[in-house]
Amino acid sequence: MKLAVFDLDGVLSTGEIFSKDTTRAILNGEKENLDRWKSFMTKKGVPCVAVTGRSLEITRELLGYMDALSVCEHGTMIVDPKTGREYHIAEGDDHFRNLTGAKNRLEEFIHHAGQHDEFLGAKFDGAELTRMRDNLHILTYEFNSPDGEAFARSLYSEVVKFMSPELRSDLDDGRLVAKTCDMALDIIPGVSKKDGLIHILGELGVATKDVIILGDSYHSDGEMMKGVPDGIWICPGNADKRLKRAVSSRGERGYVAEKPFFEGAMEGLEYFLGSSSPSQS
Ligand SMILES: [Mg+2]
C-alpha cells in the first residue's frame with residue numbers, strides 16, 4: 001500500500017474523540033498510542049495522512065504525526081504538515097473555484113457570529129449550545145439535547161434567519177451545505193471529506209487501489225471511503241453499524257475490527273500490513 005488515510009476522532013483516539021480544548025494539550029494521554037502507531041507505520045513504510053472534520057486549529061498537533069497533504073474541516077482546508085502550507089479547497093482546486101464567493105460570505109458571517117450567541121443561548125436554554133470559536137472556515141455549533149438531530153435542524157432554522165439573502169441562496173443552491181448530527185450543526189462550503197480525499201490523492205499522485213483507509217462514522221466516512229472504491233477499508237469496533245456492514249461486504253478488501261477506537265485501528269492495520277514482519281508493500 002502506498003498511502004494510509006485516517007479519520008481521527010474515534011479511530012486514532014483512545015475514546016470517542018480527541019480533546020478539543022485548545023487551552024490544554026490536545027494530545028494529553030494520547031501520545032503513547034500515537035507514537036506506537038507511527039513507529040508501526042514507519043516500519044511498514046506506509047505514509048499516513050488525515051482526513052477529518054475537525055477544525056484546523058484543534059488538529060495541528062495531530063497533523064504533526066502525518067507525512068503528507070491532509071484534510072481538515074470536512075474537506076474544506078488542505079494542509080501540508082511538512083511545509084506548513086495551508087489552503088482552502090476553493091482556492092487550490094479548479095473544480096471548486098465556483099465556491100469562492102460562498103466561502104468568503106460564510107467566513108464573513110463566522111467572523112461576526114458571536115453577536116448571535118446570546119440570543120441563541122437563551123432561545124435554546126438547557127442544550128449547552130456552544131459555537132466552536134476555533135473554526136474560521138466552517139460554522140459549527142455543538143449541543144447536548146435529547147432531541148438529537150431534530151435539535152440541529154431547529155437550530156439551523158434559527159441561524160439562517162441571521163443570514164443575508166446571498167448566504168441563503170448559497171445554501172439553497174448547494175454552494176454551502178448544512179450538516180446535522182445528534183451533537184452538532186455544521187455549515188460548510190459544498191464539499192465533503194471525500195472531495196478533500198480525492199483532491200489530495202490527485203496532488204500526491206496515488207492511485208485509489210493503493211490506499212488503505214480507516215473511518216468510523218457512516219455518513220461522512222462511509223461516503224469518503226467510496227472515494228477509494230478499490231482500496232482497503234478498515235473500521236474499528238466502535239464504528240456505526242451501517243459502516244460495519246459496508247466494510248464487511250467488501251470481503252478481502254475490508255476489515256471490521258473487534259476492538260474499538262485506537263486498538264481497533266491497530267488491529268486492522270496489523271491484519272493487512274502484518275504484525276511484526278519488517279516491511280511489505
Ligand atoms: Mg470519526
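Predicted model: local features only at pLDDT ≥ 70, side-chain atom pairs only at ≥ 80, totals over all residues.
**Domains**

According to the domain assignment, the protein has domain 1 (3-76 + 192-273) and domain 2 (97-189). Between the C-alpha centres of domain 1 and domain 2 the distance is 26 Å. Seven residues from domain 1 and nine residues from domain 2 form the contact. On the side of domain 1 that touches domain 2, one residue is nonpolar, four are polar and two are charged.

**Loop residues**

A25 belongs to the loop between β1 (3-6) and α1 (31-44). Is A25 buried or exposed? A25 counts as exposed because it has 12 C-beta neighbours inside 10 Å, and a residue with 12 or fewer is classed in this way. From A25 to K241 the separation is 216 residues in sequence and 32 Å in space, C-alpha to C-alpha.

Most residues other than glycine have a negative phi. E73, which is not a glycine, has a positive phi of about 55°. E73 is placed in the loop between β3 (70-72) and β4 (77-79). E128 is also a residue other than glycine, and its phi is positive, near 50°. The loop that holds E128 runs between α5 (117-123) and β6 (130-131).

The table lists the C-beta neighbours of these residues.

| Residue | C-beta neighbours within 10 Å | Class |
|---|---|---|
| A25 | 12 C-beta neighbours | exposed |
| E73 | 28 C-beta neighbours | buried |

Methods:
Residues numbered from 1 in each chain as written. Helix = DSSP H or I, 4+ residues; strand = E, 2+ residues; numbered from the N terminus. Buried ≥ 20, exposed ≤ 12 C-beta atoms within 10 Å, placed from the backbone. Domains from an automatic or database assignment. Contact = placed C-beta atoms within 7 Å. Nonpolar A, V, L, I, M, F, W, Y, C, P; charged D, E, K, R; others polar.
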